[in-house]
Amino acid sequence: MTKPPPETDRKALEQDQFLTILSREEALARFTAAMASVASGVEQRELHDALGLPLAHDVVATIDVPPFDRSNVDGFAVRSGDVASAGESAAVRLVLNDEVIACGVAPQLAVLPGTATNIATGGPVPRGADAIVMVEHTHPVGDSAIDVRRAVTPGQFVSYAGSDIARGEALLRAGTLIGSREIGMLAACGIARVDVVRKPRVAVLSTGDELVQPGGSLKPAEIFDSNGAIVAAAVTENGGEATFLGAFPDDEPALEAAMRKAVAAYDMVILSGGTSKGAGDVSHRIIGRLGKPGIIAHGVALKPGKPLCLAVCDGKPVIILPGFPTSAMFTFHDMIVPVLRQMAGLPPRADAQVTATVPVRVASELGRTEFVMVSLVNGDDGLIAYPTGKGSGAITSFAQADGFLRIEALADQMPAGSETAVTLFTPHVRVPDLVVIGSHCVGLDLVTAPLARSGLLVRSIAVGSLGGLAAAQRGECDLAPIHLFDEKSETYNASYLVEGLELISGWRRMQGIVFRTGDTRFEGLTAKAAVDAALADPSCLMVNRNQGAGTRILIDRLLRGARPDGYWNQPRSHNAVAAAVAQHRADWGMTIAPVAQAAGLGFIPLAEEHYDFALVSARRDRPAVQAFLESLASPESRDALKRAGFRPA
Ligand code: AMP
Ligand code: MG
């Protein structure tokens, strides 16, 4: 009997597993090796239920198809020797046998020399006959004879028994995906049920005290559970049968009970969240107790996705995906899909790839394989891949991206201008008709809505005003939305344009002080007076904007060098400012009127910001650009902008 390792050794071992970051390749190799002992299930299914599933075993034909020698045409079964001399001017007369062989009728009479039997397509060829004369090459002679005007070779228009499928022949090989053609072959052989690889039953669990199921309502500090839905759908997409068991709080005993049940009842268990070493992260601790060999990798040199945890517990893979949805998806696709598809008996996923150029330098962490989501646009020399990542917490990046590129662990960057492979999320990439790169505004969606309705694909990539201008100069977009204030001339946008670009007036956005309605410190004041009041009250907390934002320039002017509490809280969007105020994390800030209005906040107008478009002149005549300009000028768009709180130029 072997002694269990001393408690301290065991602890050290466990610790070690959590601290060693494996390379992507090493983790995948270890996981695949541990999975070698995991067997796929087999089940029998009716043909109509087997579509899309892989065959578990070879299927051997148990009958001949066709089962008998069969006529391929409507005509007469004859002895070919009888009509060897027949021709247009030398008809051969044959006496008709007293039967008609329709489909499903077994012949009773033999075809003796000098006779013929009327036979339909699909009818069994009678004894004695060796060929069929087409009805078109005969003439009836009364009811009891025909004149044959064409010679036939032996076997003409006959399909011999077993000529399609021969009894004993391997009909379909194990692993073949059952499609309509395979179903047809099986049905022709009379096979009603087949053994298929059973879809792996996969339990999907979310973990986190903060999670609320979609459809519910959020209390402060809560978020909707997106991983549960995404992971279940991705499991289904890759041949598994997913069951979402719900979101579990970060409570060790409760989660352990749920995981034990899941491991007992399913073939594979996938959790998300709780794998980092943060407060309340418990799921990885539980895995160690669920079965042998336990954790295989905890910490993989992937970005996003480092906290991935891979385990096999008594023959069942148990996986904890990182909590951030983007990290969860990349690790799922990169590390779990190959294993899941193997369990499901499916071939490796064949994701389409294209080659594209990155227009900007993409920084990357040395030592981690990094996945960067990209949007594809058409450049002058082929496709351009724009990084769209908003960080691993962003779920929208997935919806807006066309695919992703990969930066190997040994590289610390991908230089601007690099050609790289882009793996597509969908089999075909549809390059957009109109590309808008720059600062984003909800008003933009109102103006592009009619284009989308008319079937034009509009791609809008938010990189900020300056990034948009640079993209426009490089000819990567049609339009760059900008709102850049020039302090020297005290005007917006025009002074920033360079040759090749022209300014298209967009709309005005009222900027002002946002506060909670009813806050008597601000109600009824001008913007300047409101800021003075805020500065006079040390308990009053502000929320700022990021350096480089047009709004930031306005705030700094009003503050005249003051640095009140909250100044260093510098979110990057109008919406974040409104959220901070609405949630009492700050008392005032500066945002635009439509955003304050949508958040139900008080608003003191200060100055109008000009949101315009730098148009790449060379692209003006493109149909999608024309459609955009028409929409921008249309009464419908202008009304929609006004309703949303903007002032069309
Ligand atoms: P964790 O790994 O549990 O520390 O989670 C990391 C981040 O992902 C946190 O911001 C979580 O709120 C978030 N997160 C965890 N699980 C989910 C989920 N099911 N859906 C959306 N976000 C999640
Ligand atoms: Mg968590």
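**Contacts and pocket**

Modeller: Let me start with Gly 323, where a polar backbone atom sits 3.3 Å from a nitrogen atom of ligand 1. This is a predicted model, in which local features need pLDDT of at least 70, side-chain atom pairs count only at pLDDT 80 or more, and totals for chains, interfaces and linings use all residues. Residues are numbered from 1 along each chain as written, chains are lettered from A and ligands numbered from 1 in written order, and side-chain values use heavy atoms, without hydrogens and water.

Colleague: What makes the approach of Glu 210 to ligand 1 a polar contact?

Modeller: A polar contact is a pair of N or O atoms within 3.5 Å. A polar side-chain atom of Glu 210 is 2.5 Å from an oxygen atom of ligand 1, so the pair qualifies. For Ser 226, a polar backbone atom lies 3.0 Å from a nitrogen atom of ligand 1.

Colleague: How do you know how much of ligand 1 the protein buries?

Modeller: Alone, ligand 1 exposes 490 Å², and the protein buries 81% of that (Shrake-Rupley method, 1.4 Å probe).

Colleague: Which residues lie nearest the centre of the largest pocket?

Modeller: Ser 439, His 440, Ala 462, Val 463 and Gly 464, out of 43 lining residues. They count as lining because each has an atom within 4 Å of a point of the pocket, an open set on a 1 Å grid over the protein atoms alone where a 1.4 Å probe fits, with protein on both sides within 12 Å along at least five of seven lines.

How values were computed: Polar contact = N/O pair within 3.5 Å; in protein donor to acceptor, adjacent residues only side chain to side chain.
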